[in-house]
2 protein chains.
Amino acid sequence: MAKKEFEAAHFDEQRYVKNVAVDNVIFGYHDRELKVLLQRPNFLSKWTVAGGYILKTESIEEAAHNIAFMRTGLKGLFLEQFRSFGNPARTKDEWQEIKKVFEGAGVTPPPDSWIQDYSVSIAFYTLTAFSLVKVQKAAIDEAIDWWPVSQLPAMLFDHALIVEEALKALRRDIYHYPIGYELLPEKFTLPEIHSLYETILGKALDNRNFTRKLMSTGIITKLDETRSIGAHRSPYLYKFEKKKYDAALKEGIFLGF
Amino acid sequence: MAKKEFEAAHFDEQRYVKNVAVDNVIFGYHDRELKVLLQRPNFLSKWTVAGGYILKTESIEEAAHNIAFMRTGLKGLFLEQFRSFGNPARTKDEWQEIKKVFEGAGVTPPPDSWIQDYSVSIAFYTLTAFSLVKVQKAAIDEAIDWWPVSQLPAMLFDHALIVEEALKALRRDIYHYPIGYELLPEKFTLPEIHSLYETILGKALDNRNFTRKLMSTGIITKLDETRSIGAHRSPYLYKFEKKKYDAALKEGIFLGF
């Protein structure tokens, strides 16, 4: 990354909202596992969730969308804000680490820069279709990869807590909003959506009860189509009813599985 | 408020986290109504939720507790963060209004102060025992009062939206955390707690189903005591099992009424 670009991105006090960052926990679902897209910044050994600063010309939601776009190549993803994090110690202890990223790019942060002062993180989670994501490094990333939420690497600052709280929020929200449109293929079987919900919640859900509640919402429809998955096993395929799904997203539903 | 105190509170760039405020939607329950504690700042006609800035020496949660203490006289209240609000327009349009508050105190904000720049609000809601609250004005309040959430006055900035979102969050959280310890008297009848939940959710809840689910959590116990509420009507009193209640708060429960 050019030195000038780096400086513009981080030290322009007029351009960015001071003392605030946006972090975005990007979730994907693959091989019956919930995964999260993490980066390891240049010169560091620890990983971070996707993050960035807020331009004074944009909303915090726009900042979160831009951060997701930078790492996934996708726009307009489903994202939800879940919590902000802020206390005097959260980034200070590891500021020396971050300094390496700047110094490695040939830039010395001014000692009074807001960058190394109290930092509030406004955190979002984003749901993505794993197979559509074109994972891409931002300029400060040395590495970027999907990690299973159950096996996270060593993480910078309080980012392990941020992922943990994102997962808690997703587990809570799954009862109030339809979730799956972004995470499943266009056509899916009932065992597939059942497995997705069990994976996210981290617990078994009674099959009959789950199916009954889900069908009662009208957000999925059975297709006149089956998929062969073995001898004598051809379960029906289903798809989301986009209009009802979007209405349920907007108005909320209540799914007490 | 002394001019000096006012300046220290708002223009000390070293003392406060810039570009960020904390707003706290303080709920109380009285006469079968959910109410919110609002202030009308000096010289203004519109009302606000309780708010303030974050000292660089405190966490955002401590700031929220301090804001609640300043208006209720109570410490250690149950509070929950629910969402942050931030976009270029949210406070700018009404900055001229806020200027009146400052000018009324004989203070002219520096034109480049972060106070009138992009402002992120980190919003919390707080649950209080209505009868224990000693409502008290802060220095900038001309008036302070409880308002029914269904009949809010004209509100400054996006504070009507902040109350609306706080209520949505409370309605969502009520399924995942026990709620009531702060809002009900120490001893209460089943119709009273049933009525509290119906009031918060804004909808009727089947009586038998509600009681069955609530009792199954173990968070309330029947006392060997009744209250006479009319001829031949003496319902049993109940109380919260504080240990189980606190465990449920910490671990979460799931109440699908």
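Predicted model: local features only at pLDDT ≥ 70, side-chain atom pairs only at ≥ 80, totals over all residues.

The side chain of B:Lys56 makes a polar contact with the side chain of A:Asp117, at 2.6 Å.

- B:Lys56 is found in chain B, in the loop that lies between β3 (48–55) and α2 (60–72).
- Is B:Lys56 buried or exposed? Because its relative accessibility is 13%, which is under the 20% cut-off, B:Lys56 counts as buried.
- The pair also meets the rule for a salt bridge, A:Asp117 and B:Lys56 having their closest N and O atoms 2.6 Å apart.

**The interface of chain B and chain A**

- Across this interface the rule finds three salt bridges, and the one between A:Asp117 and B:Lys56 has been described above.
- There are also twelve residue pairs in polar contact across the interface of chain B and chain A, counting pairs in which both residues are at pLDDT 80 or more.
- On the side of chain B that touches chain A, at least two residues come from each of β1 (16–30), β3, α2, β4 (78–85), β5 (120–127) and α4 (159–173) of chain B.
- Sorted by class, that side of chain B has 13 nonpolar, nine polar and eight charged residues.
- The contact draws 30 residues from chain B and 30 residues from chain A.
- Between chain B and chain A an area of about 2300 Å² is buried, and carbon and sulfur atoms give 60% of that area.
- Of the area that chain B buries against chain A, 21% is supplied by B:Tyr118, B:Arg172 and B:Phe254, which is more than any other three residues supply.

**Strand pairing in chain A**

- Strand β1 (residues 16–30) of chain A runs antiparallel to strand β3 (residues 48–55) of chain A, and five bridges join the two strands.
- Which residue of β3(A) is the bridge partner of A:Val22? The partner is A:Gly52.
- Strand β2 (residues 33–41) of chain A also pairs with β3(A) in the antiparallel sense, here over two bridges, and A:Gln39 stands opposite A:Thr48 in β3(A).
- β2(A) and β3(A) form a hairpin in which six residues lie between the strands, and in the turn A:Phe43 has a positive phi of about 75°.

Note on methods. Residues numbered from 1 in each chain as written. Chains lettered and ligands numbered in written order. Heavy atoms only, no water. Pairing = 2+ DSSP bridges. Helix = DSSP H or I, 4+ residues; strand = E, 2+ residues; numbered from the N terminus. Buried < 20%, exposed > 50% of the residue type's maximum accessible area, 1.4 Å probe, protein only. Polar contact = N/O pair within 3.5 Å; in protein donor to acceptor, adjacent residues only side chain to side chain. Contact = heavy atoms within 4.5 Å. Buried area = accessible area lost by both parts, 1.4 Å probe. Salt bridge = Lys/Arg side-chain N within 4 Å of Asp/Glu carboxyl O. Nonpolar A, V, L, I, M, F, W, Y, C, P; charged D, E, K, R; others polar.
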